Number of protein chains: 2
Amino acid sequence: MHAVSASFFQSADASSMPGADSDSMLNELSQEDNLGQQESGHVTLSHIARACQLSVSTVSIVLSGAPLSRHVAEKTRKRIQTTARRLGYHPDAYARSLRSRRTQTIGVIAYDMSDPFCIPVVSGIDEGLQPAQYFSLLVNAQTQRKLFDKYLRMILERRAEGVIVVASWVFEETDLLADIEKNHVPIVIVGRDLTERRITSVLVDNRAGGALMMRHLASLGHRNIAVIRGPEELFDSAPRWAGIRQAATEAGIRFDSRLVSQLPNLSNPKSGFEGGRKFVAEILATGRKFTAVLAFDDLTALGVVRGLVEAGLSVPEDCSVVGFDDILPADVATPGITTIRQPLHEMGLLATELMLHALKQGQGEGAQEAGLRMVQPELVVRTSSAAPGGGK
Amino acid sequence: MHAVSASFFQSADASSMPGADSDSMLNELSQEDNLGQQESGHVTLSHIARACQLSVSTVSIVLSGAPLSRHVAEKTRKRIQTTARRLGYHPDAYARSLRSRRTQTIGVIAYDMSDPFCIPVVSGIDEGLQPAQYFSLLVNAQTQRKLFDKYLRMILERRAEGVIVVASWVFEETDLLADIEKNHVPIVIVGRDLTERRITSVLVDNRAGGALMMRHLASLGHRNIAVIRGPEELFDSAPRWAGIRQAATEAGIRFDSRLVSQLPNLSNPKSGFEGGRKFVAEILATGRKFTAVLAFDDLTALGVVRGLVEAGLSVPEDCSVVGFDDILPADVATPGITTIRQPLHEMGLLATELMLHALKQGQGEGAQEAGLRMVQPELVVRTSSAAPGGGK
DNA sequence: AACTTGATTTCAAACGTTTGAATAGATTAT
DNA sequence: ATAATCTATTCAAACGTTTGAAATCAAGTT
């Protein structure tokens, strides 16, 4: 077994470079393998040190670009570097972090990656981490409490320096959260207000968003409007509905309570779609008049469109539909769904900035401010909404 | 400094236990914090050892469930466990992996997470890893060579035991791939055939898929069919087109070459949509007759639908549209897009199995078989396709 | 009384780095 | 000539685990 990997190295060595600085190419690793015993299969500092006839320290100093490397002779430095390259050396992050006590890692828990909501947030986080030389350790909890716990534990064991949770979803009662605190790991949450638990939170101004939806329909002239509110368990549902009502009141519009319903607690991301579709079927069956539907989110809106079309109606001629979030399907469906855009990418970016800031000053003291950062949503008008009563 | 830490130890020892296994809850960590100085902020084995008046070894043996733990007294075991829980102990994966030389990590490089293609594959991978007690280290290369390299390096440094690449996309010429080999890390790629580079590959049978699309339209009675082929740089394009032609020949259908075009090399995932839309506008302008469009993928198909509707036509009454992939938007758009489903989840799962298998036997020898595994696609009929010439 | 056995716990070395302190040799200032 | 200062390199300890070998102690066997 070791013999095999030894011969592998030999042939690789022999092949790679004809001439070079000094050392004879043939016999660094192979020699060790003759004597050596428990090869890890990875090239380490001591491999290079031996090949260059230098101490591990010197090699480390050069390769890690430590301040001391200014004092290392130019020639030596070059020699070390080319040898490292030739052997395919990559520093062992485990050894390095163990010693230096820095992991350059932020744990990111997405509540469900198959929800289009998550992707832009996560890529915003990545983008923010990039220049700071941090990496995200991304896990997908798939809305399962068990997985959430498992991954949170994993993140803690992997010594992430901070944790960002992407969730509009329940997860609070984990006692692992207490562990997080015991281990002094800062948390930021995106999509939910947890400031009362002293957790820095980033979320969209749902109230303002709700108001935007409603004002848009009002300005088009709609007065008979159906509403599908979000599920009870979702944090966003209440403020969004509050914003809608406020704007309705301002516009002098009253809702017919029989045209207002609420989505059940969702199991998978697609359940909003089915909810919207069924809702339309139901209210059409009652015969009540309405010229527009405010849906909780884009998937629900797409379900509403499906329901209307199945009933032989067209959008927006017979009925306008407005969604919330601005996910990809809302954009590429025909008609395109008028919606309220959440600046998801920016939210991820912001969360990262808050995290990095907390890490920076967290060194000094504990107990930082658990701030609440609200970002503003934006109306995106597409073709699913138009003035009531036929053509636009 | 060493003197300081010595006194630190002493005082901790002297203080820790007044009574037996029911140690007083208040004063292990707090006391340390009084005197302690270079605390990592994390609870370690030695914290627990001190609190229990035991050696680090014993605590390690118990907490890691090593075979030796059978010999540890029941009482001691309990004492250690409750103390660990109370203090919020989590083993340091870095120290552990450094010592045990196992990281339980598989690097996963997704070529672009904002492509709906990636998500199910990645979640399939996660699912496969779960029972084997492995974790995925997931990174998003965003179709950027620079990022790909950066993350690959990171994965190597983090000592992933294997790497799974999710890509229908170019990346070959990285010399980091050579490093991967030098470090004996097995690779599996999903979405592309790289067996000639001795890399185990998992992909959908594009040829069969193309044939499925074509046969579906033929069986509905379509004979004038427009085709949008995939971009040159994408591996899938050619075999998919080959399958389409083969099935066309079998059905005795010839393509009008002026109704066949090819997508440009794509910049972002949404460019397929624009491509489809423009294509339709163009061929409608020529006045050529066609009753159906075969699109390279679902996003292209959605673009085609948009283009048709903008020209005042309806789907499927005036023209049928078929896509490929079966991503979420194809399902929730109205009409739902008839498509060829790639079993993405299963592909992820399969890739993981191959990887785990390689790891298992890779211990023994180098040079395993670089197998090619093709999975079969499946036709999903929705409402975007129907018999030509009006209603279904 | 010495000797084995077994149960319980500890020693000490290692994993691959980093880093403050130390060394050896050469040069320069006193 | 001695000391101070550079330059180029190495020592050795530490990070938090795991683990083969060893130690301790009590009880049982000859």
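The largest share of the surface near DNA strand D comes from α6(B), which gives five residues; here a residue counts as near a strand if its C-beta atom, placed from the backbone, lies within 6 Å of it. The model is predicted, so local features need pLDDT of at least 70 and side-chain atom pairs count only at pLDDT 80 or more, while totals for chains, interfaces and linings use all residues. Residues are numbered from 1 along each chain as its sequence is written, with chains lettered from A and ligands numbered from 1 in the order in which they are written.

In total, 30 residues surround DNA strand D, and the closest are Ser57(A), Arg99(A), Leu45(B), Ser60(B) and Ala95(B). At least two residues of this surface come from each of α4 (56-63) and α6 (93-100) of chain A and α4 (56-63) and α6 (93-100) of chain B. Helices (H or I, at least four residues) and strands (E, at least two) are DSSP runs, numbered from the N terminus. By class, the surface near DNA strand D holds 13 nonpolar, 13 polar and four charged residues, where Ala, Val, Leu, Ile, Met, Phe, Trp, Tyr, Cys and Pro count as nonpolar, Asp, Glu, Lys and Arg as charged, and the others, Gly among them, as polar.

DNA strand C is likewise surrounded by 30 residues, of which Leu45(A), Ser60(A), Ala95(A), His71(B) and Arg99(B) are the closest.

Turning to the two protein chains, a rotation of 180° with 0.1 Å of shift along its axis superposes chain B on chain A with an RMSD of 0.2 Å. The two copies are thus related as by a two-fold rotation axis. The superposition is by least squares on the C-alpha atoms of residues with pLDDT of at least 70 in both copies. The contact between the chains takes 49 residues from chain A and 47 residues from chain B, with two residues in contact if their C-beta atoms, placed from the backbone, lie within 7 Å. On chain B, the elements that give two or more residues to the side touching chain A include α6, α7 (118-129) and α8 (145-157). That side divides into 22 nonpolar, 14 polar and eleven charged residues. Of the interface residues of chain B, 94% are also interface residues in chain A, so the copies meet through the same surface.

The α6 helices also meet each other: the axes of α6(A) and α6(B) come within 9 Å and cross at roughly 130°. Axes are lines fitted to C-alpha atoms, for helices over the stretch in contact, and angles run from 0 to 180 degrees between N-to-C directions. The contact is made by Tyr94(A), Ala95(A), Ser97(A) and Leu98(A) of α6(A) and by Tyr94(B), Ala95(B), Ser97(B) and Leu98(B) of α6(B). By class, this contact has six nonpolar, two polar and no charged residues.

Some local features of the chain B backbone complete the picture. The peptide bond from Val315(B) to Pro316(B) is cis, with omega near 5°, and Pro316(B) sits in the loop between α13 and β9 (320-322) of chain B. Another cis peptide bond runs from Thr334(B) to Pro335(B), with omega near 0°.
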